[in-house]
Amino acid sequence: MARELTINTNIAPEERESENNLRPQDFDSYIGQRKIKDNLKIYIQAANERSEPIDHVLLYGPPGLGKTTLAGIIANEMHRSMKIVSGPAIEYPGEILAIIKQLPTGGVLFVDEIHRLSKPVEEALYSVMEDFAFDAVIENGEQTIVRRIHVDPFTLIGATTRAGLLSAPLRDRFGIVHRMEFYEPEELAQIVTNSAAKLNAGIDPGGALEIGNCSRGTPRIANRILRRVRDYAQVKYDGYITGPIVHEALSLLDIDRKGLDQTDRLILTTMIGKFMGGPVGLDTLSASIGEDPGTIEDVYEPYLVKCGFINRTPRGRMATDLAYRHLGIQND
């Protein structure tokens, strides 16, 4: 049976604080992604007024932007419980049926990495999502019987970092599709300030913005850096986080003010030093730095492209003049 996790959407606020849960629980405390929030509020209010679950939702975009958090908020706003499963963990159609059957009417099923569902499971979802029915094939000797099993209406929320890998039939069954965008430094600074309060860590606006600037547009990274800076401020200073303290901690973590870490800089310096700035293919670059091609493409490259340090061309990746200047390398 696929591993699953049930989120209790009725946790008291004081319990959340004791667990240092940094995830916001409602739209009011969720920072960023304003257009997505505004649309979802309308869909959820309309569905609640009709006493129906909202249509199936697909959230896609780079990792760490809050897809799981947003799914939890959707469930909270609809006053429904939510089950979380990982796409690769579901191997057989019967497993996804068993999970859906456990959902209460109108419940929410969140499937992370939905692009990694096996083909039989994906095909089984077609009729479940569209007709809330599952066609089970039962072989009885020489006779084959197709039995239709009905399930209660529910909402499927899928999350993926690679929407292009979803098959068209599965993608078309999502009535609500949203792309998660990178966050602005000011939004991340607000997230850091809120998270610091939950961690009982003091921080000034300059320190929060400094963390926001180097968090690669990603709340998950911002919270991770905040925890490490909090440790540094606690050991080296009085625990209060300021801009200069953040800068010192980032130097220790080998993260520059644009958020580039050692691997980011290795990618750029390899492109510049070994391949004259490119173009260079993904597999060649991967072999040169000893990093998995998928990791480069999904984790590192989106932010480097967003910052204007890499251009993707039909012939391969190329380092830009901005990359040369950021690294302090003369572009001949």
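The structure holds 3 aromatic pairs, a pair being rings of Phe, Tyr or Trp (its six-membered ring) whose centres lie within 6.5 Å, with planes under 30 degrees apart counted as stacked, over 60 as edge-to-face and the rest as tilted. This is a predicted model, in which local features need pLDDT of at least 70 and side-chain atom pairs count only at pLDDT 80 or more, while totals for chains, interfaces and linings use all residues. Residues are numbered from 1 along each chain as its sequence is written, and side-chain values use heavy atoms, with hydrogens and water left out.

**Aromatic pairs**

- The ring centres of phenylalanine 132 and phenylalanine 154 are 5.7 Å apart and their planes stand at 70°, so this pair is edge-to-face.
- Because phenylalanine 132 lies in the loop between helix 5 (119-131) and strand 5 (133-140), and phenylalanine 154 in the loop between strand 6 (143-150) and strand 7 (155-160), the pair ties together parts that are 22 residues apart in sequence; helices (H or I, at least four residues) and strands (E, at least two) are DSSP runs numbered from the N terminus.
- Phenylalanine 154 is buried at a relative accessible area of 1%, whereas phenylalanine 132 is partly exposed at 22%; buried means under 20%, exposed over 50% and partly exposed in between, with a 1.4 Å probe and protein chains only.
- The rings of tyrosine 232 and tyrosine 237 have centres 6.3 Å apart and planes at 50°, so that pair is tilted.
- Tyrosine 232 is buried, with a relative accessible area of 15%, while tyrosine 237 is partly exposed at 38%.

**Strand 4 and its partners**

- Of the 5 residues of strand 4 (residues 108-112), 4 are buried, so the strand is largely enclosed by the rest of the structure.
- Strand 3 (residues 82-86) runs parallel to strand 4 and is joined to it by 5 bridges, where pairing requires at least two DSSP bridges between the strands; methionine 82 has valine 108 as its bridge partner in strand 4.
- Strand 4 also pairs with strand 7 in the parallel sense over 5 bridges, and aspartate 112 has alanine 159 of strand 7 as its bridge partner.

**Helix 9**

- The buried residues of helix 9 include Ile221, Ile225, Leu226, Val229 and Tyr232.
- Its buried residues pack against helix 7 (185-198), helix 8 (205-213) and helix 10 (243-253), contact meaning heavy atoms within 4.5 Å.
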